[in-house]
There are 2 protein chains.
Amino acid sequence: MKCTDDIEARDLEEMTINIDPIQAGGRLTADAMKAIIAWGDGYSVCDNCRKPFRLDYIEKPPINVFHDDLAAFVGMDEARVVPGARRGFQAVAGTYVQKGDPVMLTGLSHYTEFLAVENTGGVPLEIPKDEHNIIRAEAAAEKLEEAVRTFGRPPVLLFLDQVDYQYGNLHEVKEIARVAHQYDVPVLLNGAYTVGILPVDGKALGVDFVVGSGHKSMAAPAPSGVLATTAERADEVFRTTKIRGDVTGRTFGLKEVEMMGCTLMGVTLMGMMASFPHVRERVDHWEEHLANGKVFVDALAAIDGTVIKSEMPRRHTLTRVDTTASFDRVAETHKKRGFFLSSALKKKGIVGVIPGATKVWKFNTYGLSRAQVEYLAAAYQEIAEENGLSVSA
Amino acid sequence: MKCTDDIEARDLEEMTINIDPIQAGGRLTADAMKAIIAWGDGYSVCDNCRKPFRLDYIEKPPINVFHDDLAAFVGMDEARVVPGARRGFQAVAGTYVQKGDPVMLTGLSHYTEFLAVENTGGVPLEIPKDEHNIIRAEAAAEKLEEAVRTFGRPPVLLFLDQVDYQYGNLHEVKEIARVAHQYDVPVLLNGAYTVGILPVDGKALGVDFVVGSGHKSMAAPAPSGVLATTAERADEVFRTTKIRGDVTGRTFGLKEVEMMGCTLMGVTLMGMMASFPHVRERVDHWEEHLANGKVFVDALAAIDGTVIKSEMPRRHTLTRVDTTASFDRVAETHKKRGFFLSSALKKKGIVGVIPGATKVWKFNTYGLSRAQVEYLAAAYQEIAEENGLSVSA
């Protein structure tokens, strides 16, 4: 089926079980699909934009209410929608980081956090992960001390992924935020894999910023996301424009500098809004998704030679696995080489793994039903056995 | 009709004639509607993302080809998609402007250009418009000289709107670019009202950057846009990351710093791509749209007291009109005050004007058929006559 001469219709989510690590939380809800059809046109949400002409004040559709709901959803005071979590990182880095400033990240920070720092000319310092791939408060405290010794001052900002993209591990957010605040370092929580997936309460965690991704974890179209903060920090990161035309004397009202004015003017925002009631509800069912995920993790771990690289027991559905001593051994002699696995999976209707990858790879079972994860578990074990690998009972 | 309990279905474009000044060029094509339904899910375009893991290298769907097509479409060498024209401004300002640097804009620059400058700490200098609201090369030369005298050096960047948002006037782009280059000032052409509407050839105009808006003028969902440049400047604005984790030693491949990595990962890009063949074709029919627009402009001008504030004859369908001495005189005594006009229009199925506005307002007839503009012209004249205003033959 085609959308146009050059564009195939995508039917991956309808026709297969997709365990792609980044796509699981971004599948649209049926309501979002309805909303993007009705609100697809460019500046569709601007029909009823009135003074002071800012996205978050629009009442019809209820964008203003949505902004309040979003802030409450992540336990913060103020929220704005942004074109992806990365644009939230950029806004916060743009507010606090000057050239040469030390900025704290971690050994598991996402590359977009590094780019946000690079954009400002900041100097990245990583809190090392421990041997279990966890970022701990003790390591944060040591690294902060080291930064103070080296730079004569603490970092200006600390980025911390609540769940990292490499292992899907949970880190010591609350404890690290406490340590950072002893140095007056504001803390940005990257909730790209958590906001919209599991309950997140920014104030309870003691962070200054919560960033979430619409297209990664809030069942929204790309690019979309949320940047939320406390009342105290809102005036900084959401500061309004002060620039003035030297000839015309023009000023630009209440437009927010780091937001570049309005952010999501149509389909992205409406998809996010339409999914939101479902997203708000689904985080309360996180334990079920986690339990489903464990079915598949256990099945993989039972294939001899397979090592789950993420923390165990799993506390997130994004998981890293090492099959060097299982599927990759098959690949060594299989006529399809490493492609035997993705090829066999595809025949069983399973997609989302990089074709050819048989060593270290990632998957995410979020959103799959119990029946689907059981099918998945059985499929992998079948492929293992068909290829001479033994599976523990 | 509703999309969800809280969200009405938008049917403005189906049920009315919409002359909103910013919405005209961003209505989706039927192909775009098909594409956004099929590709609505979050990271939908990432199914076949392979090394080196960058949006513009993806072959399926043909995103790589689209990038080449986009560059050619605006007569430049390299192009990237961005989340709105404003993010293109931000990327270019981020590349060239340091704190305290003089930056040239114009008395008709869009606020987002100012925000891009404010974000970098640059100092805005406006080239004044002339008495006809045109930005001329002579004024640019004078302002550049003044900048050199004041700052001891030329501005680091010049922003120029090909067609401005206030009057819809065309400015002396080619001549100003020539003057700017005498001072080695790179020129960014803001084509938010032109790219996708009329033929734009960046190299023929002699500019260094062409920025277009997907949701304003390329029949694409928001936020989307294009930033295109020359081979010479591409290495600067599309420079790849050099940052490195101090503990892990991690680097981040070919990700582009000003793009913050990938930009439009799903619905926005696919809508833009699906509309593109139509957009590429429609710019060749610009003269028809312009001729249609003139029908309405002439009809308005024939209402006694009405003054077209934009340059005449019109060279763009975005037009500013002053009805202080016509419709606003009616408003003074009408029981609905200024709302009589929008109310009467609404009854005739015409929307897109700010309710209550009877003094100075803007409209855009782009995309309307000859029958629609004739209806529009007749409707305004009827309302005028019904309210005691005379209409010239």
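Let's start with how chain A is divided: the domain assignment gives domain 1, made of 12–23 + 285–386, and domain 2, covering 43–265. Please keep in mind that this is a predicted model.

How far apart are the centres of domain 1 and domain 2 of chain A? Taken over C-alpha atoms, the separation is 32 Å. The two domains do touch: 11 residues of domain 1 of chain A are in contact with 14 residues of domain 2 of chain A. On the domain 1 side, strand β10 of chain A, residues 318–322, gives the largest share, with 3 residues. That side of domain 1 of chain A holds 4 nonpolar, 3 polar and 4 charged residues.

Now to the two chains together. Here 75 residues of chain A are in contact with 76 residues of chain B. Which elements of chain A give two or more residues to that side? Among them are the helices α2 (30–38), α4 (85–96), α5 (111–120) and α11 (267–282) of chain A, along with strand β4 (123–127) of chain A. By residue type, the side of chain A that touches chain B divides into 39 nonpolar, 20 polar and 16 charged.

Finally, have a look at a sheet in chain B. It is an open sheet of 3 strands, ordered β9-β10-β12, and the pairing is antiparallel. At its edges are β9 (307–308) and β12 (360–364) of chain B, each pairing on one side only. Strand β10 of chain B, residues 318–322, is joined to β12(B) by 5 bridges.

Key:
Residues are numbered from 1 along each chain as its sequence is written. Chains are lettered from A and ligands numbered from 1 in the order in which they are written. This is a predicted model: local features need pLDDT of at least 70, side-chain atom pairs count only at pLDDT 80 or more; totals for chains, interfaces and linings use all residues. Two strands pair if DSSP finds at least two bridges between them. Helices (H or I, at least four residues) and strands (E, at least two) are DSSP runs, numbered from the N terminus. Two residues are in contact if their C-beta atoms, placed from the backbone, lie within 7 Å. Ala, Val, Leu, Ile, Met, Phe, Trp, Tyr, Cys and Pro count as nonpolar, Asp, Glu, Lys and Arg as charged, and the others, Gly among them, as polar. Domain bounds come from an automatic or database domain assignment.
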